[in-house]
Amino acid sequence: MTKRNVMNMLVVHLVVLAFILFVLVTPTHFDFLMWNVFLALLPLDFALLVLIFKSKLLQAFFSFLWLLFFPNTMYMITDFIHLQYISDSLDVRYQYFNYSVLSAGIFIGVYLGILSLELLIQKFFIKRSGLTVLVLLAIVSLVSSIGIYLGRFLRLNSWDVFTNFKFVLANTQDAVSAHMVAFVLLFAAAQFAILVVYHFGDRLLANLAVEGSQHD
């Protein structure tokens, strides 16, 4: 990685650290955001390790860890459920603060996931067609939605795959239901829309930058 890219990643990590410290020292109802944002940062770090290491074996290993922890990023969308524990009215002045903290944590977590995915696309799919990328985004969205369901409703964690795989497998099989299917499909569609807009929007900006440089 170039020095500029290292600096960019350092800034991202410092902002995440600053947010975690802010939640730690301020009186919020959302202490869980510290842990959730930290978990959302891990896929970005795993993606960076994929870029850093040249060994195919290590790249495959960290790519697997990325996929395992990626649902923690999009999972944060469901953290809006915590608005029920405070007032959902913006007429109450103190709620401006609560809304700001919760929304910042959620959007930071989601963006960290999108950024990590884009890094891996740049690594492995940069020369692939747009259709291939669409299929990839659909698969990632579906797998992530399954992980989100298991995390939100069964309270399973990514590391349970290593610490208690049989428990995860048994609970996943027992969880299959119409409720799970509906949630997974709807949430996969929502994630797919977000990922597609970001990916192809980013490509648009990149193309405009190239066209602009050619006209200069």
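The model is predicted, so local features need pLDDT of at least 70 and side-chain atom pairs count only at pLDDT 80 or more, while totals for chains, interfaces and linings use all residues. Residues are numbered from 1 along each chain as its sequence is written, and side-chain values use heavy atoms, with hydrogens and water left out.

Let us start with the largest pocket, whose volume is about 660 Å³. A pocket here is an open set of points on a 1 Å grid over the protein atoms alone, where a 1.4 Å probe fits, with protein on both sides within 12 Å along at least five of seven lines; lining residues have an atom within 4 Å of a point. The volume is the space filled by probe spheres set on the points, which are joined across faces, edges and corners. This pocket is lined by 27 residues, and Gly147, Gly151, Leu156, Asn157 and Ser158 lie nearest its centre. Helix α6 gives the largest share of the lining, 7 residues. Helices are DSSP runs (H or I, at least four residues), numbered from the N terminus.

The second largest pocket has a volume of about 200 Å³. Among the residues lining it are Trp66, Phe124 and Val143, and α3, α5 (93-124) and α6 each supply at least two.

Leu17 is partly exposed, with a relative accessible area of 44%; partly exposed lies between buried (under 20%) and exposed (over 50%), using a 1.4 Å probe and protein chains only.
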